[in-house]
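Trainee: Before we label anything, could we look at the model together? I would like each term tied to its cut-off.

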Amino acid sequence: LDAIHRYKSNPNDAKIAIDITNLTSEQKQELALFAADLSNQVRKQMGTDPVDVTNSSVDMGWTQAAYYSTKFKTMWEMDHDTSKIKAEYGLKWVDEDLAGNWTNVSTMDGAKKAIYYAYTQWLFANNESLHASSIVGVRNSEEGADNHIGIGIAVLSDGSTLVNYNNASSVGIPASNTSFSITPIENTKTVEAITASYNQSKEELAQATSANAQAQDAKVKAQQVVQS
């Protein structure tokens, strides 16, 4: 891959040890939001509908990963089987992409690296375009449809890592299904969100600096009055 597409490790995430089979709810959510942000970066360039993450889509992705961890022994056995999550979450249809690699997922950084490299496989593989068209939103989608995605990681018995991406769009959720949450979880770690937070902090700092300068000036004048 070109250097621009190589994963850049996060030192803070590298310090967070995890058990991929026993993640906290917060960790599952963070990884799903990380995946959604990757999807939306390319979908923004393609001009297609963005994806979001909900409580139900987070659970869906990790339920699928747990299922595959018992079904497959090696990533070379992978095949699509969404019957479990369709039944469990009341979906009539769910899109799925799978990728295998050998990434160590014992830290949050490793888990994000596995997801990132799964995306590069889906987007840049030169032998098929179905994964890419799914990720960028031009296959199995309808214009204006809501896309609620889940991500999951399973470590198989041969040590390989399987990453599953599942998209339950509004066209695949029956109108009678009121148990599947479609309320998006806010992602505070997108480029846009981080930039907005930085600009706000910079503005607040400028205002505070100006207020401090005025206060210091008033203090000097007050001291001069006291001395006088």
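Mentor: Four strands make an open sheet, ordered 1-3-4-2, with mixed pairing. Strands here are DSSP runs of E, at least two residues long, and helices are runs of H or I, at least four, numbered from the N terminus. The model is predicted, so local features need pLDDT of at least 70 and side-chain atom pairs pLDDT 80 or more, while totals for chains, interfaces and linings use all residues. Residues count from 1 along each chain as its sequence is written, and side-chain values use heavy atoms, without hydrogens and water.

Trainee: Why are strand 1 and strand 2 said to stand at the edges?

Mentor: Strand 1 (51–52) and strand 2 (95–101) each have a single partner strand, so one side of each lacks a neighbour in the sheet.

Trainee: How do you know that strand 1 and strand 3 pair?

Mentor: Pairing takes at least two DSSP bridges between two strands. Strand 1 and strand 3 are joined by two bridges, and they run parallel. Therefore they meet the definition.

Trainee: What makes strand 3 and strand 4 a pair, and in which sense?

Mentor: Nine bridges link residues 147–155 to residues 161–169, in the antiparallel sense. Ile 149 stands opposite Asn 167, and Ile 153 has Val 163 as bridge partner.

Trainee: Why is strand 3 called largely enclosed?

Mentor: Buried means under 20% relative accessible area, exposed over 50%, partly exposed in between, with a 1.4 Å probe and protein chains only. Eight of the nine residues of strand 3 are buried, so the rest of the structure largely encloses this strand.
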